[in-house]
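Please read this report with the sequence and the model side by side.

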Amino acid sequence: MSGHEQFAENLALHALGSLEGEERLALEKHLQECASCRRELESLRGDLALLSLSTAGPKPPARSRERLMAALAREPRRGTTAPPRRSWWVLAPSLAAAALVLLAIFLMRQNSALRQQIAGMDYDAVAQQVELRRAREIVSTLTANDAMRVTLVAAKTPPQPQGKAIYVRDRSSLIFIASNMPAAPPEKAYELWLIPTSGAPIPAGVFRPDAHGSATVVNPPLPAGIEAKAFAITIEPEAGSTTPTMPVVMLGAGE
Ligand SMILES: [Zn+2]
């Protein structure tokens with residue numbers, strides 16, 4: 001066995017598939033008779049496989065790259081019969097090739113991470129679409145012209161005008177459903193008001209009940225993040241008003 005330390009750098013190059021010519025023949029010959037170098041080559045190939053496999057995993061095995069770089073950088077020890085030591089500039093192209101391979105592996109991993117990100121975004125988009133479809137179904141049921149609207153009250157109580165406001169402050173989202181409303185006077189409409197915990201009432205939609213006294217207001221334009229103390233309804237000109245005209249015909253405070 002001729003001092004196999006001299007094959008250290010060639011093993012790394014061989015693992016990268018960039019060893020050619022006589023050097024490759026010499027190494028392959030040596031590998032046939034040297035189990036220790038065969039193990040080293042397997043281990044380097046394992047490192048490479050890990051590096052490329054890690055393109056799919058969350059944690060790159062940094063150690064593999066270190067080992068590989070170390071193997072590439074390892075100074076070969078040579079016996080007296082060894083050929084003269086190669087200068088750095090002879091080795092430079094090989095190192096450049098190896099660096100390119102590592103760069104390619106790095107880019108593959110980036111690419112894979114991006115793909116995973118995109119796949120995740122696709123998943124989010126699908127989930128959002130499902131949610132959106134459900135929301136649309138709910139809203140279309142609430143607002144359908146042909147929906148049957150029934151208000152249940154205590155037995156033997158005549159149906160009363162009733163409004164229900166569902167307000168989510170963080171989203172400035174408001175759904176209002178009214179039932180048993182008397183028709184608005186000619187050229188007038190009902191206007192819903194959000195009464196904030198401080199400040200003036202905020203217009204929250206104008207509506208005219210249908211022939212059955214039902215009406216809905218879905219997500220009127222509202223300023224962001226307003227804390228509501230109550231909701232009120234007044235009768236206003238059809239175009240709506242910016243401040244409520246007294247009297248308040250319906251009023252409800254939050255629980
Ligand atoms: Zn050997």
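This is a predicted model: local features need pLDDT of at least 70, side-chain atom pairs count only at pLDDT 80 or more; totals for chains, interfaces and linings use all residues.

## The open sheet

Three strands make up an open sheet in the order β1-β2-β5, and their pairing is antiparallel. The edge strands of this sheet are β1 and β5, each of which pairs on one side only. Taken on average and with direction ignored, neighbouring strands in the sheet are turned by 5° against each other.

The antiparallel strands β2 and β5 are joined by four bridges. For orientation along this pairing, Ile177 can be found opposite Thr216 in β5.

## Aromatic pairs around Phe207

A search of the whole structure finds three aromatic pairs. One of them is formed by Phe176 and Phe207, a tilted pair with 5.3 Å from centre to centre and 45° between the planes. Because Phe176 lies in strand β2 and Phe207 in strand β4 (residues 202–207), this pair ties together parts that are 31 residues apart in sequence. Phe176 and Phe207 are both buried.

Tyr190 and Phe207 form a stacked pair, with 5.5 Å from centre to centre and 20° between the planes. Here Tyr190 belongs to strand β3 and Phe207 to strand β4, so the pair ties together parts that are 17 residues apart in sequence. Tyr190 and Phe207 are both buried, and ring pairs link Phe176, Tyr190 and Phe207 into a cluster.

The largest nonpolar core has 18 residues, of which Leu174, Phe176, Leu192, Phe207, Leu222 and Ile233 touch the most other members. At least two residues of this core come from each of β2, β3, β4, β5 (215–218) and β6. When neighbours within four places in sequence are left aside, the contacts of Phe207 include its ring partners Phe176 and Tyr190, and they also take in Ala178, Met181, Ala189, Leu192, Ala215, Val217 and Ile233.

## Backbone details in the loops

Where does the chain contain a cis peptide bond? The bond from Met246 to Pro247 is cis, with omega near 5°, and Pro247 lies in the loop between β6 (228–237) and β7 (248–253).

Ser172 has a positive phi of about 50° although it is not a glycine, and its place is in the loop between β1 (162–168) and β2 (173–179). Glu187, likewise not a glycine, has a positive phi of about 55° and lies in the loop between β2 and β3 (188–196). Are these two residues buried or exposed? Ser172 counts as buried because its relative accessibility is 15%, which falls under the 20% cut-off, whereas Glu187 counts as exposed because its relative accessibility of 64% is over the 50% cut-off.

Terms used: Residues are numbered from 1 along each chain as its sequence is written. Side-chain values use heavy atoms; hydrogens and water are left out. Buried means under 20% relative accessible area, exposed over 50%, partly exposed in between (1.4 Å probe, protein chains only). Rings of Phe, Tyr and Trp (its six-membered ring) pair if their centres lie within 6.5 Å; planes under 30 degrees apart count as stacked, over 60 as edge-to-face and the rest as tilted. A nonpolar core is a set of buried Ala, Val, Leu, Ile, Met, Phe, Trp, Tyr and Cys residues joined through side-chain atoms within 4.5 Å. Contact means heavy atoms within 4.5 Å. Two strands pair if DSSP finds at least two bridges between them. Axes are lines fitted to C-alpha atoms, for helices over the stretch in contact, and angles run from 0 to 180 degrees between N-to-C directions.
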